[in-house]
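Thank you all for coming.

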Amino acid sequence: MDKYKVTGMSCAACQVRVEKAVSAVEGVKSCSVSLLTNSMSVEGTASPLEIVKAVEKAGYGASPEGGKKPDNENADEELKDVETPKLFRRLISSSSVLIILMYFSMGHMMFNFPVPPIFENSVCLCIFQMLLSLAVLIINKDFFIRGFGAVLHKSSNMDTLVALGSSASFLYSLTSLFLMAYAMGNGDGETVRKISMTHIWFESAAMIPTLITIGKTLESYSKGRTTDALKDLIKLRPKTAVVIKDGEETEIPIDDVKVGDIFVVKPGENIPVDGVVTEGITSVNESALTGESIPADKNEGDEVSAATNNLTGYVKCRALRVGEDTTLSQIIKTVSDAAATKAPIARIADKVSSVFVPAVICIALLTCIGWLIAGKSFSFSFTRAVSVLVISCPCALGLATPVAIMVGNGVGAKSGILFKTAASLESCGKAEIVVLDKTGTVTKGAPEVTDVIPANGVSSERLLEAAYSLEIKSEHPLAKAISSYGETLGLEAIETTDFKILPGNGLTAVCNNKTLSGGNLSFIGGINDIPKELLKRSEELSNESKTPLFFAEGDEILGVIAAADAIKDESKEAVRQMKSLGLRVIMLTGDNEKTANAVGKKAEIDEIIAGVLPNGKEEVIRRLRKEGKTAMVGDGINDAPALTSADIGIAIGAGTDVAVDAADVVLMKSRLTDVPAAIRLSRAVIRNIHENLFWAFFYNIICIPLAIGLYQVLFGLGFEMKPAVGAAAMSLSSVTVCLNALRLNLFKPFFAGRDKPLHRRNNKNKNTNDTEEKEMTKTMVIEGMMCPHCEAAVKKALEGIEGVSATDVSHEKGTAVVTLVKDVPDDMLKKAVEDKDYKVVSVS
């Protein structure tokens with residue numbers, strides 16, 4: 001994806017025009033333009049020169065964004081608000097001149113404010129007003145350059161409305177000035193007085209661009225605030241790092257740090273790059289990246305991330321990821337890329353914006369003609385038309401969605417929730433069913449000791465000491481669980497000899513001339529008699545999905561230690577929160593039904609689907625999608641197909657790269673409570689967008705008839721909309737949308753106190769009694785797929801097409817078998833795959 005800076009855009013109509021112009025360039029597969037960030041993302045093979053030419057031909061400017069710099073060094077510069085200071089200077093200049101103009105026009109003519117004797121002459125006074133008004137128009141020349149420039153390119157935008165309204169007022173007043181001068185030359189004082197009082201609108205011509213500039217300044221400031229979350233992240237990045245060179249600590253620029261360098265971090269300093277601790281112990285505040293307020297303890301071998309804060313200890317670390325590869329850089333890239341994409345809901349505004357300005361110009365002309373036919377004066381009719389032009393606001397429509405998306409993404413990033421696209425941010429909140437993988441998602445993904453049951457006459461200390469001394473030499477996951485438990489208790493291992501691993505059974509070793517044995521029931525039961533009470537207890541443990549391990553010393557049974565993949569501390573609370581959001585929660589696992597039910601019971605998950613192989617998970621997700629919008633939460637390679645098949649894939653951040661790549665939402669921490677938080681945040685953003693769109697449409701629906709004068713005709717209202725009042729209302733409309741979006745900064749994704757369920761559609765029996773859908777399959781031969789990542793990309797592209805119910809993609813065979821519930825043209829299937837840069841050889 002190539003990115004470009006676009007200049008000259010002022011409203012949603014500009015955004016739509018640039019998109020259409022670039023999309024028409026040969027080789028462009030997709031184009032997304034952001035009015036909020038004045039940026040454009042383009043996918044395809046078209047050259048930058050062709051794209052820039054297309055934008056310029058449309059009447060705007062464009063330039064490719066600079067080459068990549070390490071760790072997004074240029075990101076801060078790109079996010080810097082340079083527009084607001086320019087607009088503020090323009091506003092000060094315009095306002096200064098306008099105040100003088102208002103003194104001489106309204107102040108003198110309406111309130112008899114004193115003026116120099118020369119201006120007692122009405123013609124001289126009006127000429128002076130004309131010069132002041134012209135000065136304001138020159139200061140705000142950008143409106144006229146862009147507005148009339150768009151007309152020359154057979155287009156129109158918000159600036160066109162402002163330029164037409166202001167120019168019409170100025171030219172009408174200028175014509176009246178000539179008529180007044182002519183009347184004065186003929187000694188017609190009454191005509192001069194009448195014209196000067198009712199037909200000179202130089203102050204309106206100047207006030208329109210000035211008031212619009214006030215709105216634009218406030219709007220620009222508000223838009224700049226939407227990237228505050230990203231700016232805060234960028235500020236955390238240190239400019240330098242202290243590395244060990246030739247045995248000495250040397251401070252170097254951050255860009256000079258290489259993978260493998262040893263760097264040191266002192267208490268209170270931010271970690272410069274991603275690395276692994278090689279020496280020292282410390283606590284690190286990772287809240288900036290993950291939203292986790294509790295500091296994380298770091299020992300030798302633990303990884304640390306750039307921009308996190310070292311709290312207590314002095315540590316040495318080896319650099320693992322530098323520059324653009326650091327976690328911080330990836331977060332910034334993800335949030336920036338998401339801001340460059342469009343949410344489906346934005347298409348409504350785009351469609352309206354594409355015809356909005358031409359429609360308003362037509363309405364203004366019809367307004368003027370209509371009032372003239374009704375017998376009103378040309379002055380009255382012309383004023384109504386100008387009011388229609390300046391009160392209409394396409395800006396609010398264009399900003400309604402992107403400002404909310406940008407703020408929402410920033411809030412998510414600060415909370416450790418990353419939405420890859422605007423579409424994923426929108427669709428996450430619409431989920432009706434949440435499917436949870438068991439291992440690593442609901443559970444911790446690694447066994448840990450749950451029960452210690454010594455035999456009669458044996459102390460817990462003796463059992464644990466023997467088990468620890470035996471298991472510490474094994475790499476088996478269950479052995480590691482017992483070793484970790486022993487280390488936590490501070491146990492010391494007794495020296496053993498003749499250590500042996502008996503695959504599928506257990507371990508043996510010699511200690512104090514006695515044989516220590518540990519393993520499953522069949523192994524230990526084969527060499528020792530196990531008491532009935534231990535046998536009964538082990539059976540109970542097995543029913544609770546725990547693994548009992550028996551230990552013996554010589555011919556004496558020491559006891560049983562049980563281990564299990566325990567559920568995460570927050571799993572039960574997370575499931576409760578999801579249910580309070582009205583979600584149907586299902587656990588999907590390949591484990592046996594007994595184990596799955598035991599875990600589900602602890603986490604209070606009501607629906608369990610067990611014994612499902614990785615390939616079967618995808619089929620289950622496809623079936624659930626027919627019952628409602630489905631979100632899949634997982635962390636492993638075996639979850640990638642299911643994540644891709646779901647309406648929304650959510651990957652636990654600590655999961656595999658394949659799972660993270662296949663997902664639409666990435667949770668930086670392995671907390672299951674982040675899932676309801678992500679859904680909560682998505683719903684808040686959607687709600688905010690709906691509010692913005694409602695306001696944008698409501699404003700125009702109410703204000704345009706008011707400017708026309710319809711309420712005066714229909715309801716007898718005496719209020720007449722003046723052009724200056726219309727310009728002020730137009731400005732406030734855009735500002736209101738931006739301020740409403742900024743309220744999202746106050747939203748707390750993890751607060752569950754106001755959770756409400758969405759109205760769920762009843763799709764469980766969808767198509768049951770209707771005509772059955774006939775399935776058909778097509779096989780595509782595809783070149784270029786090299787790995788599971790490629791499979792996931794092709795699968796996601798194909799299953800996004802309406803009518804495609806399932807796909808079976810294999811990079812090894814180079815094929816994709818597509819299951820269809822209705823006929824889909826081969827060209828559509830081919831385009832979806834080739835848009836992902838793979839070559840389709842045939843479709844059969």
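In which element of the protein is confidence lowest, and in which is it highest? Before I answer, please keep in mind that this is a predicted model, in which local features need pLDDT of at least 70 and side-chain atom pairs count only at pLDDT 80 or more, whereas totals for chains, interfaces and linings use all residues. Residues are numbered from 1 along each chain as its sequence is written, and side-chain values use heavy atoms, with hydrogens and water left out.

The score called pLDDT is the predictor's confidence in each residue, from 0 to 100. Confidence is lowest in helix H3, residues 75-79, with a mean of 56, and highest in strand E7, residues 262-265, at 94. Helices (H or I, at least four residues) and strands (E, at least two) are DSSP runs, numbered from the N terminus. Across the protein the average pLDDT is 82, and 88% of the residues score at least 70. Over residues 67-73 the pLDDT stays under 50, and the model has 18 contacts for them beyond four places in sequence, where contact means heavy atoms within 4.5 Å. Residues 761-773 also have a pLDDT below 50, and this stretch has 13 contacts in the model beyond near neighbours in sequence. Where pLDDT is low, the predicted coordinates should not be read in detail.

Of its 844 residues, 53% are buried, and here buried means under 20% relative accessible area, exposed means over 50%, and partly exposed lies in between (1.4 Å probe, protein chains only). If we take the contacts between residues at least 6 apart in sequence, 70% of them join residues at least 24 apart.

Let us turn to one pair of helices. Helix H16, residues 402-414, packs against helix H28, residues 674-708, at an angle of about 160°, and their axes are 9 Å apart; axes are lines fitted to C-alpha atoms, for helices over the stretch in contact, and angles run from 0 to 180 degrees between N-to-C directions. That angle makes H16 roughly antiparallel to H28, since angles under 35 degrees count as roughly parallel, over 145 as roughly antiparallel, 65 to 115 as roughly perpendicular and the rest as oblique. On the H16 side, the residues that meet H28 include Val403, Ile405 and Gly408, and among their partners in H28 are Leu681, Asn688 and Asn692. By class, the residues of this contact are 7 nonpolar, 4 polar and no charged, where Ala, Val, Leu, Ile, Met, Phe, Trp, Tyr, Cys and Pro count as nonpolar, Asp, Glu, Lys and Arg as charged, and the others, Gly among them, as polar.

What does Arg743 touch, not counting residues up to four places away in sequence? Arg743 touches Asn688 and Glu691. Arg743 is found in the loop between helix H30 (723-742) and strand E27 (776-783), and with a relative accessible area of 44% it is partly exposed. Arg743 and Gly408 are 335 residues apart in sequence, yet 10.0 Å apart in space, C-alpha to C-alpha.

Finally, a word on backbone angles. Asp246 is not a glycine, and yet it has a positive phi of about 55°. Asp246 lies in the loop between strands E5 (240-245) and E6 (248-253), and its 82% relative accessibility makes it exposed.
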